Structures are given as structure tokens and as C-alpha cells.
Amino acid sequence: MNKLRLGFVGAGVINQRLLPHFAVADTAAVVDITGICDPIVERAQHEADQFATARAYPTLDAMLDDDRIDAVTIGSPIGLHYEHCMAALTAGKHVHVNKTMCVTTAEADALIAAAEQHSVRLVASPGEMLRPHNQQIKKMIDAGDLGTLAWAMCGAAFGNYHADEPERRGSHTGDTVDPTWYFKNPGGGPLYDLTVYSLHGLTGILGPVRRVTALSGTLLPHREVNGKPIAVEAHDNTVMLLDFGDNRFAVAYGTAAGNLRTRSDIEFDFSGRYFGTHGTITGLLLNGAPFDYPGCEIARQAPDGGVHSNFGGNEWVLPHISEPHRSLQELHVFEDIMQMVDWAREGHPSIATAEHARHVIEIIEMAYLAAETGVAQTLNTKF
Ligand SMILES: NC(=O)c1ccc[n+]([C@@H]2O[C@H](COP(=O)([O-])OP(=O)(O)OC[C@H]3O[C@@H](n4cnc5c(N)ncnc54)[C@H](O)[C@@H]3O)[C@@H](O)[C@H]2O)c1
């Protein structure tokens, strides 16, 4: 079977962290890094120089025109994902798109239709249900281990995560990758960047949301990165109420600060808490005691003891994470790309579907509408 010839859209933080995975022998045996495009072409060239097979391009169109490219992974700012994804699908390329796939349900519909029309595969991050512990939580709730589920809570806070990423400080290349877009519309704010993980896990476990309402606004209108002032346009402080039907509810947050857990100044609660009439799941604890899930004995060998549901050992147990990948970064995003690679090369469908992403996008879109209008919104999509 031929290697998949992969192009990277954007040479910013995520793709700088992902590219080393493709030099690992098990991945290099099935994927060639063929192109990297970025309007800051020196940035793309710097990354391309590390792969004999790769060429740098100043535009996405130039890369898509290259017949040597079979597939792309989109790591550009979220507000550009729809345009980039549509261009790639229309050019007949398979696509992996980083979270969030796009920002409106109508855009998601159009991307799903384009993938179908051009007979190419579309995989959307984040593949939270690829994580064995999320599958186990679903199993336990479905089996009634918590009694009747009453409510759930999950979310994440922005903090200074993107401002403080080492790549933005020029730590290893001297390049400083500007994060301004994380604070602008469309596509900025913690819902698209972080809460999207929680919503994929929550809906993967409990099923589609029926209704949403929310309060939302911009708490911190001024930020500064590398001494550069940033006027924040996007909402950075949103709290949603979700209705799953049968009087089962959830709270999901994407806030400027403040988390249910603490790890230095930033912590994510992607996995959530589930409260039932006879028990509670909090992260990887069932009624306060660690629960077992496939691969937990490997996860528990990680330096963090596998106690953090989203990092460390719980990334080690994703399907494509062999030993040499463990010391690299962003294992879950690498996994999502490999889901697309396997689907394109071998026809194995992934559960990290564009339909699931569309449902989460509708939740976010309708939450913002509910906050603006003061009216709870009924959702139309399922997955
Ligand atoms: N930074 C993280 O921790 C992280 C982690 C997981 C996923 N992601 C996701 O990865 C994506 C990118 O985030 P990031 O943090 O790497 O952003 P970034 O700002 O670090 O990098 C974006 C890159 O895209 C380039 N770009 C801008 N316009 C472009 C265009 N028209 N064509 C091609 N490239 C273009 C920019 O020049 C920049 O190099 C987002 O979807 C984000 O949600 C980021």
C-alpha cells in the first residue's frame, strides 16, 4: 500500500509540535511529509528543511495544486478552517482539521457535503472518544453504575495558555508565532479552543444535546503578548446550560479564568464530572476511587501516574501512540491525523467524525445566540 503524502497547512505552534511524530519510524513507513504552507514562508521552510520529502509553499492554493499531495492536516487559525478545508476537499484531498472544524453549522454541513461529493475522508479533531477512559465512562453510565444520571459538569479556562506557549516567545527557533487570532472573531475564545474538548467528551458519553442556553461576554478586553497590546473581540467568559432530554442537564464553561482543578495557573476539565442518584465520576475516579479502563496499567506508568485524564499516560494509550511517540507533544492531535491516514489508506472509518464536530459546533453557535437573545435554543443536529 502506498504511503500517504501529507501536506501541513500552517507552520505555527501545533504543526511545529506535530511534525516530529512523522520522523518516527512507524509513522514514516506510512506517511511522507510532502508539503508545508504558511504565508510566513520562512516558517514553513524552516519546518520543511527537516524532511527530505517536504517542500515549502507560500499559499495553500500552491500546495493544493501539487499532485504529489494526497491529504492535508489543517493547523491554521480556526477562523480560516472553513475556507481551507473547503479548498482542500474540493481539490480532492483527504482532510484532517484541527479543532474546531469551523464556526457555524451551515459551514459544517457544506464541508460534510463536499467530502461526500469528492469521495474523500474528513476527520475532525478532537477525537475525545478515542480515549479509552471516555469509552469506559460511557459504559459505566449506560450500565447504571451511577444510578440515574442527573447532571454533569465540564469545561476549561483560557488563562494565559496561548500567550505563554514557548513557541510564541521564540524559545527554540527565534520565531515568535503571534497568537492574536485566539482573541478575535471568528473562531477566537475558549469555547472553540478548549471547551470543544469537553463538549466532544460530554456528548460522546451522554449523546446529543437537545437545547442550550448561556451567559457570555468578554471579561478581559485588553491583553498583551510579547509587549504587543491585543484588543480582545471574542467572548472569553461563557457559561452554558445544556439539556440532554429526560431532565438530564449539564453545565459547560469556557471562562477567562478559574477551573475545577489546578495545575499551575491553567487547568482543563475536559473529562468532566458525572453525578447520578447512586454515584459520581470525577475525572478518573468513580466514587473517589480510581476505576479501571483498557490500557490503564500503561497509563499509570507515566510520570504523572496516569492520574490526569487528558495528558500523560492517558495520551499514551491512544491507538497510534507507540513508545517513541510518548516523549513528543500533542499526542492526541497526532492520533487524530493518523485516524485520517488509516481511513484514507486502508478504509478504516474513524469515530472522530465531522458529524460529531458539527453537533459540537451547533452547541457553541446556539449558546452564543442564546446569550445574545436571552432565549434558549433548540438544536437540530445529531451524530
Ligand atoms: N497551540 C496549541 O496548543 C494547539 C493545540 C491543539 C490544537 N491546536 C489547534 O491548531 C490550530 C492552529 O493553532 P496554533 O496554536 O498552531 O496557531 P498558531 O497561531 O500558532 O499558528 C497558525 C499558523 O497558521 C499560519 N497561517 C495564517 N494564515 C494562513 C493561511 N492562509 N494559510 C496557511 N497558514 C496560515 C500562521 O502564519 C501561523 O504560522 C487551531 O485549530 C488550534 O485550535 C492548537
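Helix α7 passes helix α8 in a right-handed crossing; a crossing is right-handed if the near helix is turned clockwise from the far one by less than a right angle, and left-handed if anticlockwise. The contact (heavy atoms within 4.5 Å) is made by Asn-134, Ile-137, Lys-138 and Ile-141 of α7 and by Gly-201, Gly-204, Ile-205 and Leu-206 of α8. By class, it holds four nonpolar, three polar and one charged residues. Here Ala, Val, Leu, Ile, Met, Phe, Trp, Tyr, Cys and Pro count as nonpolar, Asp, Glu, Lys and Arg as charged, and the others, Gly among them, as polar. Helix α7 spans residues 132-142 and α8 spans residues 190-206. The two pack at an angle of about 35°, with their axes 9 Å apart. Axes are lines fitted to C-alpha atoms, for helices over the stretch in contact, and angles run from 0 to 180 degrees between N-to-C directions. Helices (H or I, at least four residues) and strands (E, at least two) are DSSP runs, numbered from the N terminus.

The model is predicted: local features need pLDDT of at least 70, side-chain atom pairs count only at pLDDT 80 or more, and totals for chains, interfaces and linings use all residues. Residues are numbered from 1 along each chain as its sequence is written, and side-chain values use heavy atoms, with hydrogens and water left out.

Salt bridges come next. The count comes to 18 salt bridges, each defined as a side-chain nitrogen of Lys or Arg within 4 Å of a carboxyl oxygen of Asp or Glu. Arg-17, Glu-165, Glu-167, Arg-168 and Glu-330 are linked in a network of such bridges.

Glu-128 forms a salt bridge with Arg-131, with the closest N and O atoms 3.2 Å apart. Glu-128 is buried, at a relative accessible area of 2%. Arg-131 is buried too, with a relative accessible area of 2%. Buried means under 20% relative accessible area, exposed over 50%, and partly exposed in between (1.4 Å probe, protein chains only).

Arg-211 pairs with Asp-243 in a salt bridge, the closest N and O atoms being 3.2 Å apart. This pair links distant parts of the chain, 32 residues apart: Arg-211 lies in strand β8 (residues 211-217) and Asp-243 in strand β11 (residues 237-243). Arg-211 is partly exposed, with a relative accessible area of 41%, whereas Asp-243 is buried at 12%.

Glu-346 and Arg-345 also meet through their side chains in a salt bridge (3.5 Å, N to O). Glu-346 is partly exposed at 38% relative accessibility. Arg-345 counts as buried, at 15%.
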